[in-house]
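Biologist: I'd like to go through this model residue by residue. Can we start with the terms?

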Amino acid sequence: PSGGNGGIGGDVSFTADENMHSLQMFRKKVHHRAKNGKHGGGSKCNGANGYHLEIKVPAGTIVRDSQTREVLCELLEHEETKTIIAGGRGGRGNASFKTSKNKVPMLAELGEEGLEKWIELELKLVADVGVIGAPNAGKSSLLAAVSAARPKIADYPFTTIVPNLGLVERDYTRMVFADVPGLLEGASEGLGLGFEFLRHAERTRLLLHVVDCSEEDCLHAHDAIVSELMLFDETMLDKPRLVALNKIDVSDQARTNAKKLKETLKLEGVECFEISAVSKEGVDELMSKVAETHKMLGPRRLESEESLEIEQSRAKRAADGARIEDFTVEDTPYAFVVRGTAVERFCQMTNWDYFESYKRFARVLKMSGIEKALKEAGASEGDRILVGKFEFAWSNDHREKTLYTTWKERRDEKPGTQQGSRHWPHAM
């Protein structure tokens, strides 16, 4: 015997990339697959392992299992990598089954099926400064004025429907600004995609609140946004917050409104700056204060918000470490169903083209206690037994000749070229 083992399937991992800022690319490509391991060869040559699949996502991405809603990992730092799905185990070639009593085993395994999983990605942008405010307050105009970012700007609300990022350099300090789409009253309850927008402000270190002073009641507009932040997450108000009183160049009334609001908020201890994002009036003074506040905060220390304990062991295969003796038997109207991660993997990796595999499977059923459990559950001649995806009929006749007859019938029903023994060695 000289058949080598098959290669291990490729892993699927997620890697944070600071050059990515959205999850838009996943709208067009839903399915992502790692490569299969290669078949084993003769002369005891093992097959090559499959290539791993590395999926790049923006820093700040939370990876969840869509069905269980379990958080699998949270990627915060650039080039941080987490393996989510481990590749399937390669099947053993016949050389692995050689013993002193069986020097020429006619037996080999199939490779373990790869795990399939639906994943949900949630992005909470990792930025230094979150630019927040009501729709059409001038947030995108301010971002365009202080950085090289070119967000869409128009004279109607909700021009920005996805967050925009811009890099600002001031006093030898580099800061990432996130233009959070406009917030409405009720955003904390989901109104106007509030959840979608507010979550992007969660990881910012400093909030820059832009207020449109051309409105008559700009104080109410300011207070409404502050209330939504508090209702969404009270810790949001613990962040340093600066207020930019924008559009003072629109009219004399707008400038008057800005001065009144500045005096009112000064009593609450909130620092305000009168600016015009279009003419850039007062913008330099505002940016200097933002840079000063950013320096005072010190180096960023990102922590998972999900209290995760992620280890490499999370990427282990489902049946790794499980014992075949750990199983359950359920009597259903259709069949007796045997459940257990180890026995289901053993059944899936069994190559039923070999008669020796049938004999090995029968021995495992007996030694693991599954045969006894099925008898106690009431299994009788001809009853269906289901183990994973494999179904067979129960028989109390354990003679090798009966087993061979069953195997041959199933083999003849299977189309295509067959593997394994073409005859039973002791058949007449």
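Modeller: Buried means under 20% relative accessible area, exposed means over 50%, and partly exposed lies in between (1.4 Å probe, protein chains only). The model is predicted, so local features need pLDDT of at least 70 and side-chain atom pairs pLDDT 80 or more, while totals for chains, interfaces and linings use all residues. Numbering runs from 1 along each chain as its sequence is written, and side-chain values use heavy atoms, without hydrogens or water.

Biologist: Is His 222 buried or exposed?

Modeller: His 222 is found in helix H3 (helices, H or I, of at least four residues and strands, E, of at least two are DSSP runs, numbered from the N terminus). Its relative accessibility is 1%. That is under the 20% limit, so His 222 counts as buried.

Biologist: Which side chain does the side chain of His 222 contact?

Modeller: The contact is a polar one (N or O atoms within 3.5 Å; within protein, one must be able to donate a hydrogen and the other to accept it, and residues adjacent in sequence count only if both atoms are side-chain atoms). Here the distance is 3.0 Å, side chain to side chain. The partner of His 222 is Asp 223.

Biologist: Where does Asp 217 lie, and how does it count by accessibility?

Modeller: Asp 217 sits in the loop between strand S10 (206-212) and helix H3 (218-232). Its relative accessibility is 46%, so Asp 217 counts as partly exposed.

Biologist: What is the relative accessibility of Met 230?

Modeller: Met 230 is found in helix H3. Met 230 counts as partly exposed because its relative accessibility is 40%.

Biologist: On to the charges. How many salt bridges does the structure hold?

Modeller: A pair counts when a side-chain nitrogen of Lys or Arg is within 4 Å of a carboxyl oxygen of Asp or Glu. By that rule, the number of salt bridges in the structure is 23.

Biologist: Which residue forms a salt bridge with Arg 92?

Modeller: The closest N and O atoms of this pair are 3.0 Å apart. Both residues are in the loop between strand S5 (81-85) and strand S6 (119-123), 17 residues apart, and the pair links distant parts of the chain. Arg 92 is partly exposed at 31%. Its partner, buried with a relative accessible area of 11%, is Glu 109.

Biologist: How many residues apart in sequence are Asp 212 and Lys 247?

Modeller: Asp 212 forms a salt bridge with Lys 247, with 3.4 Å between the closest N and O atoms. Asp 212 lies in strand S10 and Lys 247 in the loop between strand S11 (241-246) and helix H4 (252-267), so the bridge ties together separate parts of the sequence. Both residues are buried. Their separation in sequence is 35 residues.

Biologist: What is the N to O distance between Arg 323 and Glu 325?

Modeller: Arg 323 is partly exposed at 46%. Glu 325 is also partly exposed, at 38%. Their side chains meet in a salt bridge, and the N to O distance is 3.7 Å.

Biologist: Now the backbone. What is the phi of Asn 136?

Modeller: Most residues other than glycine have a negative phi. Asn 136 lies in the loop between strand S7 (129-133) and helix H1 (139-146), and is partly exposed at 30%. Although Asn 136 is not a glycine, its phi is positive, at about 65°.

Biologist: What is the phi of Lys 280?

Modeller: Lys 280 is in the loop between strand S12 (271-274) and helix H5 (283-297). Lys 280 counts as partly exposed, at 49% relative accessibility. Lys 280 is not a glycine, yet its phi is positive, at about 70°.

Biologist: How far apart in space are Val 57 and Ala 16?

Modeller: Val 57 is found in strand S2 (residues 53-58). Val 57 is buried because its relative accessible area is 0%. Val 57 and Ala 16 are 41 residues apart in sequence, but their C-alpha to C-alpha distance is 5.1 Å.

Biologist: How far apart in space are Ile 119 and Gln 67?

Modeller: Ile 119 is found in strand S6. Ile 119 is partly exposed, with a relative accessible area of 25%. Ile 119 and Gln 67 are 52 residues apart in sequence, and from C-alpha to C-alpha the distance is 8.4 Å.
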